[in-house]
Amino acid sequence: MAAVTSVSFSAISQSSSDRRAFCTAARNLGFEGFRFRSSFSCHYVGVRASNSTSRMVIHCMSTSTDVPPTVADTKLNFLKAYKRPIPSIYNTVLQELIVQQHLMKYKKTFRYDPVFGLGFVTVYDQLMEGYPSDEDREAIFQAYIKALEEDPEQYRIDAKKLEEWARAQTPSSLVDFSSREGEIEGTLKDIAERVASGNFSYSRFFAVGLFRLLELSNASEPTVLEKLCSALNINKRSVDRDLDVYRGLLSKLVQARELLKEYVDREKKKQEERAESQKASETVTKCLGEPQFVGQ
């Protein structure tokens, strides 16, 4: 989509160097926040000169690509991909997560990494634990990630690799990744470099991914998290805060699942009672026979 802006100004002179400077400035215009790629072209549509001043009108055309979808677009993509009803206690949290992840993804400094992927997979699996159908649970996962225009298989593969790697680590080897070579070590080094350069977008999913690495490597000492955050150049206070939020979410989900189970059990019992009552009524009818009516 192209946007055309007319810029009109008065100038003392209309030298070619002035015109080139203006176009150069126009080309350097940009947008903060979302990642847009823009190209600018300038052309002169009229120059009217006089003895005192001259007026020049310039049209600048901006052609923007990679315009990010809106939150509503992402949510609609999810609903189109998974059309079956989702119980409200799951759906409410899923909708909140997809909004948060949409906003994370389209930050200027965001770039997917396996630790982020592990964090999301961990949150999702904890959230959907106990979901009535394993098949539906995976279908919802696929629809969710695809709604964000990402690859669900990459999330699962990266999470599995990190989990296997973490299980083979000790607390000391986990925080000493920078001195070793390997695929996961390289990923962690890259994250540390991006954080140090200010080209990294921290998120709660990333914090949960770190927590999962500690959990799988049996690193229960609080100092290990501190050392890992230091090695990655991550602010530990932010991680602590987000892990508290994550633990609170899990606690609420456990309570909600218990309430849902009680509700389902009650409904099942009512259905069984209604079925038994109907069966008893049919038995009585068969024993007594059909009522006889005497005509006049």
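Trainee: Where does A166 lie?
Mentor: In this predicted model, A166 is part of helix α6, which covers residues 152–167.

Trainee: Is A166 buried or exposed?
Mentor: A166 is buried, because its relative accessible area is 0% and the cut-off for a buried residue is under 20%.

Trainee: Which residues is A166 in contact with, leaving aside its neighbours within four places in sequence?
Mentor: A166 is then in contact with L213, L216 and S217.

Trainee: How many residues apart along the chain are A166 and L213?
Mentor: They are 47 residues apart along the chain, yet a separation of 5.5 Å is found between their C-alpha atoms.

Trainee: Let us turn to α8. How many residues does α8 have?
Mentor: Helix α8 has 15 residues, numbered 183–197. From its first C-alpha to its last, α8 reaches 21 Å, which is close to the 21 Å expected at 1.5 Å a residue.

Trainee: Which residues of α8 are buried?
Mentor: The buried residues are I184, E185, T187, L188, K189, I191, A192, R194 and V195.

Trainee: What do the buried residues of α8 pack against?
Mentor: They pack against four helices: α4 (114–127), α6, α9 (204–216) and α10 (222–232). Helix α6 is also where A166 lies.

Trainee: Which residue follows α8?
Mentor: G198 follows α8, and the phi of G198 is positive, near 80°.

Trainee: New topic. How many cavities of 30 Å³ or more are found in the whole structure?
Mentor: The search finds one. The largest cavity holds about 30 Å³ of space.

Trainee: Which residues line the largest cavity?
Mentor: The lining is made of F110, R111, D113, F116, F200, S201 and F206. Sorted by class, four of these lining residues are nonpolar, one is polar and two are charged.

Trainee: And what volume does the largest pocket have?
Mentor: The volume of the largest pocket is about 220 Å³. This pocket is lined by 13 residues, and those nearest its centre are L97, Q100, R204, V245 and L249.

Trainee: How many residues of the pocket lining are nonpolar, polar and charged?
Mentor: The lining of the largest pocket has nine nonpolar residues, one polar residue and three charged residues.

Methods. Residues are numbered from 1 along each chain as its sequence is written. This is a predicted model: local features need pLDDT of at least 70, side-chain atom pairs count only at pLDDT 80 or more; totals for chains, interfaces and linings use all residues. Side-chain values use heavy atoms; hydrogens and water are left out. Helices (H or I, at least four residues) and strands (E, at least two) are DSSP runs, numbered from the N terminus. Buried means under 20% relative accessible area, exposed over 50%, partly exposed in between (1.4 Å probe, protein chains only). Contact means heavy atoms within 4.5 Å. On a 1 Å grid over the protein atoms alone, a cavity is a set of points where a 1.4 Å probe fits but cannot get out, and a pocket is an open set with protein on both sides within 12 Å along at least five of seven lines; lining residues have an atom within 4 Å of a point. Grid points are joined across faces, edges and corners, and a volume is the space filled by probe spheres set on the points. Ala, Val, Leu, Ile, Met, Phe, Trp, Tyr, Cys and Pro count as nonpolar, Asp, Glu, Lys and Arg as charged, and the others, Gly among them, as polar. The expected span of a helix is 1.5 Å times one less than its number of residues.
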